[in-house]
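Dear colleague,

Please find below the structure I am handing over to you, followed by an account of what was found in it. I would be grateful if you read the account with the structure open beside it.

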Amino acid sequence: MNYAIIAAGEGSRLAREGFKHPKPMVTLYGEMLIDRLIGIFMRNNAEKIMIIINEESAELESHLSDLSLTLPIQIVKKSTPSSLHSVYELLGSDPELEAICLTTTDTVFKEEEFTAYIQEFAANEKLGGLMAVTTFIDDESPLYVTVDDADNITAFTDKNTTQTRFVSGGIYCLRKEAIALVSEAVHGGVSRMRNFQRQLLENDIHLKAYPFSKIVDVDHVQDIKTAELFLSPETAV
């Protein structure tokens with residue numbers, strides 16, 4: 001399985017709140033967010049892990065470069081205007097990709113749920129994409145995901161106009177037909193992952209939702225505690 005991590009954001013909200021390192025270097029129980037993701041990916045049969053960082057992340061680049069000596073990590077160093085542009089830079093580096101699991105650096109989830117998610121994607125080769133969703137909402141601008149009775153995705157909306165219980169979790173498994181549309185979207189002026197996902201539906205890509213119990217986004221200092229409580233074995237989900 002190929003994996004990719006979007007780690008090119010500035011982490012401006014964390015910086016304003018006093019965190020002095022790149023966001024991927026936030027620690028949960030002493031482990032960096034980026035290291036936690038890499039470890040989970042390696043335990044889920046990672047053949048390659050592509051990571052995009054911005055051009056002002058020397059500390060993060062040094063850390064990842066050290067890891068790449070023993071792990072299948074490929075670093076793409078480029079500042080981008082949006083998450084979709086980061087995806088474009090990542091996936092464009094390997095046009096022969098058949099499938100990818102892509103996530104942002106600040107997603108925190110239970111490893112056993114992620115493993116089941118990857119297994120579901122691998123087992124259903126007819127899917128164009130399997131999108132992680134959750135009913136837990138802590139995002140300032142959540143993307144609502146509408147599904148049918150079989151969890152096939154029918155719409156992505158900025159407002160909960162369809163009374164759906166799901167929001168996007170920021171983890172995306174995509175196959176070649178969906179990956180091929182990234183370039184078309186960027187060259188067509190699309191600049192956000194949510195709009196790209198809408199474009200996938202417009203192009204009749206079969207997308208399905210995979211529910212996680214909870215996915216925590218670490219955008220603020222207070223989210224670090226929320227994420228640690230979530231991961232604590234003593235805390236009920």
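Predicted model: local features only at pLDDT ≥ 70, side-chain atom pairs only at ≥ 80, totals over all residues.

The volume of the second largest pocket is about 210 Å³. Among the residues that line the second largest pocket are Thr 115, Ile 118, Gln 119, Glu 98 and Arg 175. By type, the lining comprises five nonpolar, five polar and two charged residues.

The largest pocket holds about 1100 Å³ of space. Its lining is made up of 43 residues, and those nearest the centre are Arg 13, Ser 83, Thr 104, Asp 106 and Asp 219. This lining divides into 14 nonpolar, 17 polar and 12 charged residues. Which element gives the most to the lining of the largest pocket? It is β11, with five residues. At least two residues each come from β1, α1, α4, β11 and α7.

- Strand β6 (residues 99-104) runs antiparallel to β11, with five bridges between them; Ile 100 stands opposite Leu 174.
- Strand β8 (residues 129-134) is also antiparallel to β11 and is joined to it by five bridges; Leu 130 has Cys 173 as its bridge partner.
- Strand β9 (residues 144-147) pairs with β11 in the antiparallel sense over two bridges; Val 145 stands opposite Phe 166.

I turn next to the charged side chains. Side chains of opposite charge can pair when their charged atoms come close. Across the whole structure, eight salt bridges were found. One of them joins Asp 106 to Lys 23, with the closest N and O atoms 2.9 Å apart. Asp 106 lies in the loop between β6 and β7, while Lys 23 lies in the loop between α1 and β2, so this pair ties together parts that are 83 residues apart in sequence.

Lys 23 also forms a salt bridge with Asp 219, and here the closest N and O atoms are 3.1 Å apart. Because Asp 219 lies in the loop between β13 and α8, this second pair ties together parts that are 196 residues apart in sequence.

Lys 176 is partly exposed, at 35% relative accessible area.

Finally, Leu 33 lies in helix α2 and is buried, with 3% relative accessibility. Beyond its neighbours within four places in sequence, Leu 33 is in contact with several residues, including Lys 23, Asp 106 and Val 218. The C-alpha atoms of Leu 33 and Thr 107 are 8.2 Å apart, although 74 residues separate the two along the chain.

With kind regards

Notes:
Residues numbered from 1 in each chain as written. Heavy atoms only, no water. Pairing = 2+ DSSP bridges. Helix = DSSP H or I, 4+ residues; strand = E, 2+ residues; numbered from the N terminus. Buried < 20%, exposed > 50% of the residue type's maximum accessible area, 1.4 Å probe, protein only. Contact = heavy atoms within 4.5 Å. Salt bridge = Lys/Arg side-chain N within 4 Å of Asp/Glu carboxyl O. 1 Å grid on protein atoms, 1.4 Å probe; cavity = no way out; pocket = protein on both sides within 12 Å on 5 of 7 lines; lining within 4 Å. Points joined across faces, edges and corners; volume = space filled by probe spheres on them. Nonpolar A, V, L, I, M, F, W, Y, C, P; charged D, E, K, R; others polar.
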